[in-house]
Amino acid sequence: MSTPTAPPAPSPGVAKPRLGWTLALLALAQLIYALDLNIVFVALPQIGADLGFPGQTQQLVVSAYVVFAGGFLLLGGRAADLLGRRRIFVLALTLYAVSSLAGGLATSPAVIIAARAIQGIGGALLLPSTLALLNSLFAEGPQRNRALAVWGGAGASGLTIGALLGGLLTQHFGWPAVFFVNVPLAGLVALAALAVIPRDPARTERRRFDIPGALSVTGGSTLLVFALVEGPELGWGSPLVVGAFVLAAALLVIFALVEARSADPLMPFRLFRNRSLTVGMLVTFIYMATFGVLPYFLTVLMQSIHGYSALQTGLAFLIPSLAIAAGTQAGERLATRIGTRATLLIGFAIGVPGTAVLARGFDTEASYGLLVPGLIVSGVGQGIVWTAMWIAAATGTPAREQGVANGIASTALNIGNAIGLAVFTVIADLGTEGKTGQALLAATADGAFLVVLFTAAGMIAGLLITLTLSRPSRDTAPSDGSPMITG
């Protein structure tokens, strides 16, 4: 097990960090990030009608965010390390505020898509910088575990609040309100960060930004996520999708060659010698390819099959969100007492049967009550894994490289979600071709039922990968003095 890494000592004359207020701000930033993932979905029909999006192109409002957020994550993590975590955190929130204002004022499809793309870049800067601040300001061990649990609980709350708030704002104030709500939230957190979060320490060594590496990996990641997101819409044989895959592969190969020869690489490959980071990265990928796709298919079940309104769907997500939030807190306590490895194993061991039980509710005749047991059990497992996987990704990495380490894990998270949705939407649609009416609804429910079972099976892969994580040594105890039980 790696030696715990203490946060850097404050520079002379710098006040001791106000960690309680800092954690509150970082958690609020995560709530904003999570809220923004869901809040736009329920407004899409109104946006399409008001701005004149032809056909299904209104989906670009969602995919523009996803593509740019996924493509810029690694760059955002490295920028946090080199330019300062607080600076990038504040810049990210400023981009959120400005792009949200532009989105709410948009009068054409091009403007709102551009605004969402900039929001995506803001998200790519915000997630790794927030995690880097958490992992550098809070000491490795119980203190960091508690901080990550609070941060994760805020994210779980944001997903529910996003669905509820999106429905309420769209219904009463129109679709621009789902953008305008971000402006004061992001602006106030950015201003508060300047007063509460410690200043970035002065740079004591000269380090290059690795422009060739940054350009190649950002271009390659963006094109890869674009191809995965647009493949189901445009068709996997579409010249645009195939071309994006080919160009993405070429750029990522160039990136690997550049990094192997760079004296100061954007992503030092030596970081992968840290087994905890490597396992954490793989688990985040599997997490989003399995647990992470469930909300999409639950939304399809509730709205397309059972005819729930946006507000009813948001209320239906209260139970799983509370379960996930409870799981994040349990994950912190488990990781502190029995170690990250054992905690991940427990999370997946709960998630597999919980998700399998959840599949029983994917039927045209099933009531919401049939979903509840699976939503609770799967949600608790999901929350436990969420907290523990970020602990794993941060463990053993030097403080000065926490940004890029979290950028790596965040990129795996985003690509896992894109690949999971791309694969599982194809599987879900296999039996629906040529069907209409009640037959189409039944085929859609059957396809989603099969997908949920596949996600449960995929979680077993996460459990097996977790087994490769090193067991904690028997003579290692948490810094709070509580006993450490070997995983």
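Residues are numbered from 1 along each chain as its sequence is written, and side-chain values use heavy atoms, with hydrogens and water left out. Because the model is predicted, local features need a pLDDT of at least 70 and side-chain atom pairs count only at pLDDT 80 or more, while totals for chains, interfaces and linings use all residues.

The predictor's confidence in each residue is given as pLDDT, on a scale from 0 to 100. The chain averages 83, and 90% of the residues score at least 70. Confidence is lowest in helix 14 (residues 310–316), with a mean of 79, and highest in helix 16 (residues 340–358), at 95. Over residues 1–16 the pLDDT is below 50, and this stretch has 20 contacts in the model beyond near neighbours in sequence; a contact means heavy atoms within 4.5 Å. Residues 473–487 also have a pLDDT below 50, with 31 contacts beyond near neighbours in sequence.

The chain holds 19 helices and zero strands. These are DSSP runs numbered from the N terminus, with helices (H or I) of at least four residues and strands (E) of at least two. The radius of gyration is 22 Å, close to the 23 Å that the globule rule gives for 487 residues, so the chain is as compact as a globular protein of that length. That radius is taken over C-alpha atoms, and the rule is 2.2 Å times the number of residues to the power 0.38. Along its principal axes the C-alpha trace spans about 70 × 50 × 45 Å. Among contacts between residues at least 6 apart in sequence, 82% join residues at least 24 apart.

Of the 487 residues, 55% count as buried, where buried means under 20% relative accessible area, exposed over 50% and partly exposed in between (1.4 Å probe, protein chains only). In soluble globular proteins, nonpolar side chains tend to be buried together. Here, the largest nonpolar core has 91 residues, of which Phe-89, Leu-134, Phe-362, Met-389 and Trp-390 touch the most other members. Such a core is a set of buried Ala, Val, Leu, Ile, Met, Phe, Trp, Tyr and Cys residues joined through side-chain atoms within 4.5 Å.

Trp-390 leads on to the aromatic residues. Leaving aside residues up to four places away in sequence, Trp-390 touches Leu-131, Leu-148, Trp-151, Asn-406, Ala-409, Ser-410 and Leu-413. Rings of Phe, Tyr and Trp (its six-membered ring) pair if their centres lie within 6.5 Å; planes under 30 degrees apart count as stacked, over 60 as edge-to-face and the rest as tilted. By this rule there are ten aromatic pairs. The ring centres of Tyr-287 and Trp-386 lie 5.5 Å apart with planes at 50°, so this pair is tilted. The pair links distant parts of the chain, with Tyr-287 in helix 12 (residues 275–290) and Trp-386 in helix 17 (residues 368–394), 99 residues apart. Both Tyr-287 and Trp-386 are buried. Trp-386 also pairs with Trp-390: their centres are 5.6 Å apart and their planes at 75°, so the pair is edge-to-face. Trp-386 and Trp-390 both lie in helix 17, about one turn apart. One aromatic cluster is formed by Trp-151, Tyr-287, Phe-291, Phe-348, Trp-386 and Trp-390.
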